[in-house]
Amino acid sequence: MRRAEKVIIVEGRSDKQKVSAVLNEPVVIICTNGTISDSRLEELADELEGQDVYVLADADEAGEKLRRQFRRMFPEAEHIYIDRTYREVAAAPRWHLAQVLLRAHFDVRIDSLMKGRGE
């Protein structure tokens, strides 16, 4: 895995695609494909040591379960939340995703911040 300053953990491939389209900086995005085993979490802990880790999970029970796992294994990880209205990262409008990422100090594409553009 290449080294980057920032790593975002998401649940699925569609989440990864949506986040990638909004970002304007190099960030490693890792998909957990839903749940993740404790052994895989331990591997990730070793791989990601010294990097800024962010968790961007869906606003549902599966997303909360994933967040609990990461809080246990990565207490230093920062959690980014989408509005519960959208429930899923992939379902959130790009402008909303851009806003939450911007608040978390990510460089986002300016055109992604405009409502109604590039949905």
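A polar contact is a pair of N or O atoms within 3.5 Å; within protein, one atom must be able to donate a hydrogen and the other to accept it, and residues adjacent in sequence count only if both atoms are side-chain atoms. Keep that in mind for the start of helix α3. There, Asp 60 caps the N-terminal end: one of its side-chain oxygens lies 3.4 Å from the backbone nitrogen of Ala 62.

This is a predicted model, in which local features need pLDDT of at least 70 and side-chain atom pairs count only at pLDDT 80 or more, while totals for chains, interfaces and linings use all residues. Residues are numbered from 1 along each chain as its sequence is written, and side-chain values use heavy atoms, with hydrogens and water left out.

Stay with α3. Helices (H or I, at least four residues) and strands (E, at least two) are DSSP runs, numbered from the N terminus.

Which residues of α3 are buried? Buried means under 20% relative accessible area, exposed over 50%, and partly exposed in between (1.4 Å probe, protein chains only). The buried ones are Gly 63, Leu 66, Arg 67, Gln 69 and Phe 70. Seen down the axis of α3, they fall within an arc of 160 degrees, so they line one face of the helix. The arc is that of the directions from the helix axis to the C-beta atoms. An α-helix has 3.6 residues a turn, so residues three or four places apart point the same way. Turned away from the buried side of α3 is a face with the exposed residues Glu 61 and Arg 72. The buried residues of α3 pack against β1 (6-10), α2 (38-47), β3 (52-56) and β4 (78-80).

Now turn to helix α4, residues 94-103. Seven of its ten residues are buried, so α4 is largely enclosed by the rest of the structure. Those seven are Arg 94, Trp 95, His 96, Leu 97, Ala 98, Val 100 and Leu 101. Their cover includes β1, α1, β3 and β4.

How does α1 meet α4? Helix α1 (residues 13-22) packs against α4 at an angle of about 70 degrees, with the axes 10 Å apart. Axes are lines fitted to C-alpha atoms, for helices over the stretch in contact, and angles run from 0 to 180 degrees between N-to-C directions. The two helices, α1 and α4, are therefore roughly perpendicular, a term for angles of 65 to 115 degrees. Contact means heavy atoms within 4.5 Å. Lys 18, Val 19, Ala 21 and Val 22 in α1 meet Arg 94, Leu 97, Ala 98 and Leu 101 in α4.

His 96 is buried, with a relative accessible area of 8%. A polar atom of its side chain lies 2.9 Å from the backbone nitrogen of Asp 83. Not counting residues up to four places away in sequence, His 96 touches Ile 82, Asp 83 and Tyr 86.

Just after α4, His 105 takes a positive phi of about 70 degrees. Ser 112 also lies in the segment after α4. Ser 112 is buried, at 0% relative accessibility. Leaving aside neighbours within four places in sequence, Ser 112 is in contact with Ala 21, Val 22, Arg 94, Trp 95 and Ala 98.

Definitions and conventions
Parallel < 35°, antiparallel > 145°, perpendicular 65-115°, else oblique.
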